[in-house]
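Keep the structure open while you read.

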Amino acid sequence: MLSLHMIKELPTPWQSFLQEYLQTSEFLQLQKSIAQAYGAELCYPTPDNIYRALELTAPQEVKVIILGQDPYHTPQHATGLAFSAPQDTKIPPSLRNIFKELHNDLGVQRTQTDLTDWAQQGILLLNTSLSVAAGKAASHKSLGWAGFTNHIIQELSRDHRPKIFVLWGKHAQSKLPLIDQSTHIVFQSAHPSPLSAHQGFFGSQIFSRINTQLSELEQKPIHW
């Protein structure tokens, strides 16, 4: 079994932001379940990258939240950031479609598959489950991740500073009731997966729309 000490603690800003939840038995059980899962079989991302999205984007820095479902379950792809992939690996199909829409929308020809620079500009690239067993999509859904990530979404929604929530696909859109739409902006479309991208993701102009809204909120637009 993986030692709990091998899983990094949440970054200090998020510990303060989620203080009430982190003291619950539900969170303690989640940590134990993660350790058991990683001890039983190969899982992604590596234990030290489970909370990487939170490490790169502190709560007070969040301007945009892009929700994914769970990490890539294929070798060498999961980094702890939703949709991001290491630079020296084959680009995953969903990310390829994200870049295609980015080019069609803004003319940006992005080749850097590592989305760390997006996270550093205030985009929280959050999967609703932060771990997965190798080769088994959605396999850690029952570990208790939903309670944890739902709490993050709720707390970000309770914060009075307006943010942009990007919900791609039905799974992400199921989180809509957690978001106060009187305070925050929500963009919804089909998922960028090849199975659904042609059903509304392509042509959504999501990147220009995000930057337009950020400008209206007197915040710095994203350098995509």
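Two strands count as paired if DSSP finds at least two bridges between them. By that rule strand 5 (residues 164-168) and strand 6 (185-189) are a pair, running parallel and joined by 5 bridges. One thing to keep in mind throughout: this is a predicted model.

Strand 2 covers residues 64-68, and strand 3 covers residues 123-127.

| Strands | Sense | Bridges | A bridge pair |
|---|---|---|---|
| Strand 2 and strand 3 | parallel | 5 bridges | Gly68 and Asn127 |
| Strand 2 and strand 5 | parallel | 4 bridges | Ile66 and Val166 |
| Strand 5 and strand 6 | parallel | 5 bridges | Trp168 and Ser189 |

Is strand 2 mostly covered or mostly uncovered? Mostly covered: 5 of its 5 residues are buried. Val64, Ile66 and Gly68 point one way from the strand, while Ile65 and Leu67 point the other way, and all are buried.

**Aromatic rings**

How many aromatic pairs does a search of the whole structure find? The search turns up 13. Take Trp118 and Trp224: their ring centres are 5.0 Å apart and their planes sit at 85°, so this pair is edge-to-face.

Trp168 and Phe201 are another edge-to-face pair, because their planes are at 90°, with the ring centres 5.2 Å apart. Trp168 belongs to strand 5 and Phe201 to the loop between strand 6 and helix 9, so the pair ties together parts that are 33 residues apart in sequence. Trp168 is buried, as is Phe201.

There's also an aromatic cluster, formed by Tyr21, Phe27, Tyr51, Trp145 and Phe148.

**Charges over rings**

The charged end of Lys100 sits over the ring of Phe202, 5.0 Å from the ring centre. Likewise, Arg209 has its charged end over the ring of Phe187, 4.4 Å from the centre.

**Helix 5 against helix 9**

Last stop: the helix pair. Helix 5 (residues 93-106) and helix 9 have axes that come within 7 Å and cross at roughly 65°. Which residues make the contact? From helix 5 come Ile98, Glu101, Leu102, Asp105 and Leu106, and from helix 9 come Ile206, Phe207 and Ser208. By type, the residues of this contact divide into 5 nonpolar, 1 polar and 2 charged.

Note on methods: Residues are numbered from 1 along each chain as its sequence is written. This is a predicted model: local features need pLDDT of at least 70, side-chain atom pairs count only at pLDDT 80 or more; totals for chains, interfaces and linings use all residues. Side-chain values use heavy atoms; hydrogens and water are left out. Rings of Phe, Tyr and Trp (its six-membered ring) pair if their centres lie within 6.5 Å; planes under 30 degrees apart count as stacked, over 60 as edge-to-face and the rest as tilted. Helices (H or I, at least four residues) and strands (E, at least two) are DSSP runs, numbered from the N terminus. Buried means under 20% relative accessible area, exposed over 50%, partly exposed in between (1.4 Å probe, protein chains only). A charge sits over a ring if NZ of Lys or CZ of Arg is within 6 Å of the ring centre and within 35 degrees of the ring normal. Axes are lines fitted to C-alpha atoms, for helices over the stretch in contact, and angles run from 0 to 180 degrees between N-to-C directions. Contact means heavy atoms within 4.5 Å. Ala, Val, Leu, Ile, Met, Phe, Trp, Tyr, Cys and Pro count as nonpolar, Asp, Glu, Lys and Arg as charged, and the others, Gly among them, as polar.
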